[in-house]
Amino acid sequence: MQDKQTPISLRERKKAMCRRKILRIARDSFEEKGYYDTSMNEIAQKAEVSVASLFNYFPTKLQLIIEIEHMKAEDFSRILEELSSETYSYTERLFHLLQSYLEDFIKYPRISYQISEFRAFDIIPQDANTDLREHLFLLIQAAVREGELAPETDVTLILEFFLNLGYSIVSRKISREKALEMFRTLLNFYRVQRI
């Protein structure tokens, strides 16, 4: 028996496309002018929707930031899926994902910093990037299970280290190259030596 999914109507597809367009425009506007200097009116105008429609999609500017964070997590999930279809080891997938993660911070430093600031003050819930954390956790566990990383690997340490490297770049504490080198060193510390 074939599982039949209900097709998405044209109206629903258009709404999803409009929503994604608004998020991209909000992300770009926040990056260009900053969160506080960007108005909902400006976003609506650039997205070519009425202000009322914008508020139907996103009741607050803060909701836009939260949804931008979810959009980033979806993008990373897509990248992970693409990496899974290749013949990469789990640690190679982690490294490729980190490169994409860091590129996002480099491309959108202002909004990345704003999100980290909101998180620090609990304005954005900590679970806003739960999907990314979960994917990373499972990926690191798989690397341990498959013998790429040692059984005593501190999965949480690698996870937190990964997530904090982006914020270190945004705050200009380290360069992208240094971040990649540090992560490679950490993975090598836990890597199982094959004889």
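**Chat about an all-helix model**

Colleague: Hi! Which residues touch the most other members of the largest nonpolar core?

Modeller: Of the 57 residues in that core, I22, F30, I43, L64, Y101 and F183 touch the most other members. A nonpolar core here is a set of buried Ala, Val, Leu, Ile, Met, Phe, Trp, Tyr and Cys residues joined through side-chain atoms within 4.5 Å. Buried means under 20% relative accessible area, exposed means over 50%, and partly exposed lies in between (1.4 Å probe, protein chains only).

Colleague: Which helices each supply at least two residues of this core?

Modeller: They are α1 (10–33), α2 (40–47), α4 (61–85), α5 (90–107), α6 (109–120), α7 (130–145), α8 (155–170) and α9 (176–190). The largest share, 10 residues, comes from α4. Helices (H or I, at least four residues) and strands (E, at least two) are DSSP runs, numbered from the N terminus.

Colleague: Good. What should I keep in mind about the model itself?

Modeller: This is a predicted model, where local features need pLDDT of at least 70 and side-chain atom pairs count only at pLDDT 80 or more, while totals for chains, interfaces and linings use all residues. Residues are numbered from 1 along each chain as its sequence is written, and side-chain values use heavy atoms, with hydrogens and water left out.

Colleague: Okay, overall picture: how many helices and strands does the chain have?

Modeller: The chain has nine helices and zero strands. Its C-alpha atoms fill a box of roughly 65 × 55 × 25 Å along the principal axes. Of the 195 residues, 42% count as buried. The chain exposes about 11700 Å², with carbon and sulfur atoms supplying 52% of that; these areas come from the Shrake-Rupley method with a 1.4 Å probe, and for residues, only the protein chains shown count as cover.

Colleague: Back to I22. What is I22 in contact with?

Modeller: Leaving aside neighbours within four places in sequence, I22 is in contact with I43, A47, V49, L54, Y57, F58 and L64. Contact means heavy atoms within 4.5 Å.

Colleague: And I22's helix, α1: which of its residues are buried?

Modeller: C18, I22, L23, I25, A26, R27, S29, F30 and E31 are buried in α1. Their cover includes α2, α3 (51–57), α4, α5 and α6. Just after α1 comes G34, with a positive phi of about 95 degrees.

Colleague: What span should α1 have?

Modeller: At 1.5 Å a residue, its 24 residues should span 34 Å, and the end C-alpha atoms are 34 Å apart, which agrees. The expected span is 1.5 Å times one less than the number of residues.

Colleague: Switching to rings. How many aromatic pairs are in the whole structure?

Modeller: A search finds 11 aromatic pairs. One of them joins F30 and Y35, a tilted pair at 5.3 Å centre to centre with 55 degrees between the planes. Rings of Phe, Tyr and Trp (its six-membered ring) pair if their centres lie within 6.5 Å; planes under 30 degrees apart count as stacked, over 60 as edge-to-face and the rest as tilted. Both F30 and Y35 are buried.

Colleague: Why is the pair of F105 and Y167 edge-to-face?

Modeller: The planes of F105 and Y167 are at 85 degrees, with the ring centres 4.9 Å apart, so the pair is edge-to-face. It links distant parts of the chain, since F105 is in helix α5 and Y167 is in helix α8, 62 residues apart. Ring pairs also link F76, Y101, F105, F162, Y167 and F183 into a cluster.

Colleague: Is F105 buried or exposed?

Modeller: F105 counts as buried, because its relative accessibility is 1%. K72 lies over the face of F105, at 5.1 Å from the ring centre. A charge sits over a ring if NZ of Lys or CZ of Arg is within 6 Å of the ring centre and within 35 degrees of the ring normal. R93 lies over the face of Y90, at 4.6 Å from the ring centre.

Colleague: Last one: what does L186 touch?

Modeller: Not counting residues up to four places away in sequence, L186 touches L157, I158 and F161. L186 lies in helix α9 and counts as buried at 14% relative accessibility.
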